[in-house]
Amino acid sequence: MTVDYPLRGSCLCGRVAYEVADAFKYAMNCHCSQCRRSTGSAFKPLAGTKVSRLAITIGDGELLRYGDEHGYDAHCRSCGSLLYSLVGNGQYVHVAMGTLIDEPSVRPTMHIVVGSKAPWFEITDAMPQFDGFPDHG
């Protein structure tokens with residue numbers, strides 16, 4: 001199967017780069033404590049797609065994978081940037097949208113895990129909010 005990778009992304013220092021198909025199934029802002037700690041922000045904007053649609057183009061050996069083969073966060077070993085998370089028993093990736101160089105066609109449509117959001121952060125947009133993980137099909 002041939003996959004087109006029209007979107008490029010990279011870490012802060014440029015030692016790791018990736019390409020991903022602009023065929024995301026969903027996008028959302030996750031407010032869970034793990035996403036907050038891994039990004040150092042109030043939430044992680046993420047876009048989900050099948051793992052086969054993402055390819056590391058530079059620096060695969062520079063990735064630090066925190067977790068196991070069924071689910072992990074992939075960071076640049078040098079600068080620490082969170083690039084993506086492997087989820088769904090290794091079937092999907094959640095691309096950290098802030099690492100995309102090119103503009104994706106998808107936009108976040110909801111806030112998830114707001115039941116554990118940072119108490120100092122106020123969500124001010126009108127997107128739906130879910131205390132946990134909604135079924136995104």
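Me: In the hairpin of E8 and E9, how many residues lie between the strands, and which residue takes a positive phi?
Reply: Happy to start there. This is a predicted model, and in it the hairpin has four residues between strands E8 and E9. Gly88 is the residue with a positive phi, near 60 degrees.

Me: How do E8 and E9 pair, and over how many bridges?
Reply: The two strands pair in the antiparallel sense, over four bridges. For an example to find in the viewer, take Val87, whose bridge partner in E9 is Tyr92.

Me: Which strands form the sheet, and in what order?
Reply: Seven strands make up an open sheet with mixed pairing, and the order is E6-E7-E8-E9-E4-E3-E10. At the edges stand E6 (63–68) and E10; each has a single partner strand, so one side of each is left without a neighbour in the sheet. E6 runs antiparallel to E7 and is joined to it by six bridges, with Tyr66 facing its bridge partner Asp73 in E7. E4 and E9 are also antiparallel, joined by five bridges; there, Thr49 has Val93 in E9 as its bridge partner.

Me: Is E9 largely enclosed or left open by the rest of the structure?
Reply: Largely enclosed, because four of its five residues are buried.

Me: How should I read a nonpolar core?
Reply: The general idea is that in soluble globular proteins, nonpolar side chains tend to be buried together. Here the largest nonpolar core has 21 residues, and those with the most contacts inside it include Tyr18, Phe24, Leu83 and Val95. Strands E2 (17–20), E7 (71–76), E8 (82–87) and E9 (92–96) each supply at least two residues of this core. Apart from it lies another core, of nine residues, among them Cys30, Cys32, Leu46 and Ile112.

Me: And how do I read a pair of aromatic rings?
Reply: Such a pair is described by the distance of the centres and the angle of the planes. In this model the count is three aromatic pairs. Take Phe43 and Phe121: their ring centres are 5.5 Å apart and their planes at 55 degrees, so the pair is tilted. The pair links distant parts of the chain, 78 residues apart: Phe43 is in the loop between helix H1 (33–39) and strand E4 (44–50), while Phe121 is in the segment after strand E10 (111–112).

Me: What kind of pair do Trp120 and Phe121 form?
Reply: An edge-to-face one, with 6.4 Å centre to centre and 85 degrees between the planes. Ring pairs link Phe43, Trp120 and Phe121 into a cluster.

Me: Is Trp120 buried or exposed?
Reply: Trp120 counts as exposed, at 63% relative accessibility. Phe121 is partly exposed, with a relative accessible area of 23%.

Terms used: Residues are numbered from 1 along each chain as its sequence is written. This is a predicted model: local features need pLDDT of at least 70, side-chain atom pairs count only at pLDDT 80 or more; totals for chains, interfaces and linings use all residues. Side-chain values use heavy atoms; hydrogens and water are left out. Rings of Phe, Tyr and Trp (its six-membered ring) pair if their centres lie within 6.5 Å; planes under 30 degrees apart count as stacked, over 60 as edge-to-face and the rest as tilted. Buried means under 20% relative accessible area, exposed over 50%, partly exposed in between (1.4 Å probe, protein chains only). A nonpolar core is a set of buried Ala, Val, Leu, Ile, Met, Phe, Trp, Tyr and Cys residues joined through side-chain atoms within 4.5 Å. Two strands pair if DSSP finds at least two bridges between them.
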